[in-house]
Amino acid sequence: GLRFYRLDAQSFWNDEGNTARLVERPVALIIEGAAGDIHPPGYYLLLHVWRAFTGGSEFALRAFSALCGVLTVAVTAAIGQRVGGRRTALAAALLVAVHPLSVYYSQEARMYALLGLSAALTLWAGMRMANGKWRMANHASRFTHHVLPLAFCIVLGLYTQYAYLFVLVGLNLAFGIDWLLRRPWEWRAKDWRVLWRWI
């Protein structure tokens with residue numbers, strides 16, 4: 001409700017107007033236009049497809065970001081559930097749901113809500129992969145259930161915003177600290193296998 005409330009109360013500001021004009025173009029021109037921009041083309045391409053179904057009004061274009069914001073709340077709840085159970089999930093989801101910056105960027109026709117969603121998805125997929133059952137029946141199952149979702153999130157993030165690189169740095173630092181806390185210097189083979197597969 002917070003993200004969709006008065007979504008079209010004001011007209012586009014400068015950067016949103018640039019977004020609206022860019023996503024009107026054919027795909028080749030969007031990619032060409034994004035090359036001259038400071039952001040990669042992923043968001044613009046997704047919004048171009050969204051616009052084909054919803055139109056180019058303020059509400060329609062901002063609704064994509066609002067939906068990304070809602071999905072970020074849901075993914076945050078899933079992360080909270082995995083980390084600390086139901087109460088943690090509810091507290092984390094509530095915090096993201098009402099955080100002023102999260103609401104603000106979810107009401108803007110720019111790529112920041114998608115960046116937040118891709119960051120949350122990356123953390124969720126990274127946690128699944130790091131804590132996953134590596135002894136699956138075959139390599140194809142391991143690839144499908146762990147590697148592919150994380151790879152998808154990384155591609156989405158890198159094509160959304162260059163600041164996403166900080167998400168990858170943070171994820172790898174968190175994995176490295178977690179791995180070191182397992183005392184790998186005791187040379188337990190399973191710890192070294194987890195590191196090798198992560199790499």
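My entries below go from the whole chain down to one residue.

Ground rules first: I am working with a predicted model, where local features need pLDDT of at least 70 and side-chain atom pairs count only at pLDDT 80 or more, while totals for chains, interfaces and linings use all residues. I number residues from 1 along each chain as its sequence is written, and side-chain values use heavy atoms, with hydrogens and water left out.

Fold: I found 10 helices and 0 strands, in the order α-α-α-α-α-α-α-α-α-α. Helices (H or I, at least four residues) and strands (E, at least two) are DSSP runs, numbered from the N terminus.

Extent: I get a C-alpha trace spanning about 60 × 40 × 30 Å along its principal axes.

Contacts: I count heavy atoms within 4.5 Å as a contact. Of the contacts between residues at least 6 apart in sequence, 67% join residues at least 24 apart.

Burial: The chain has 199 residues, and 39% of them are buried, meaning under 20% relative accessible area (1.4 Å probe, protein chains only).

Charge: I see 20 positive and 11 negative side chains, with the centres of the two sets 16 Å apart. Lys and Arg count as positive and Asp and Glu as negative, without His and the chain ends; each charge is placed at NZ of Lys, CZ of Arg, CG of Asp or CD of Glu.

Close-up: Where is Y162 found? I located Y162 in the loop between α8 (139–158) and α9 (165–181). Leaving out residues up to four places away in sequence, Y162 touches I38, H39 and P40. I also checked L115, 47 residues from Y162 along the chain, and their C-alpha atoms are separated by 9.4 Å.

Terms used. Buried < 20%, exposed > 50% of the residue type's maximum accessible area, 1.4 Å probe, protein only.
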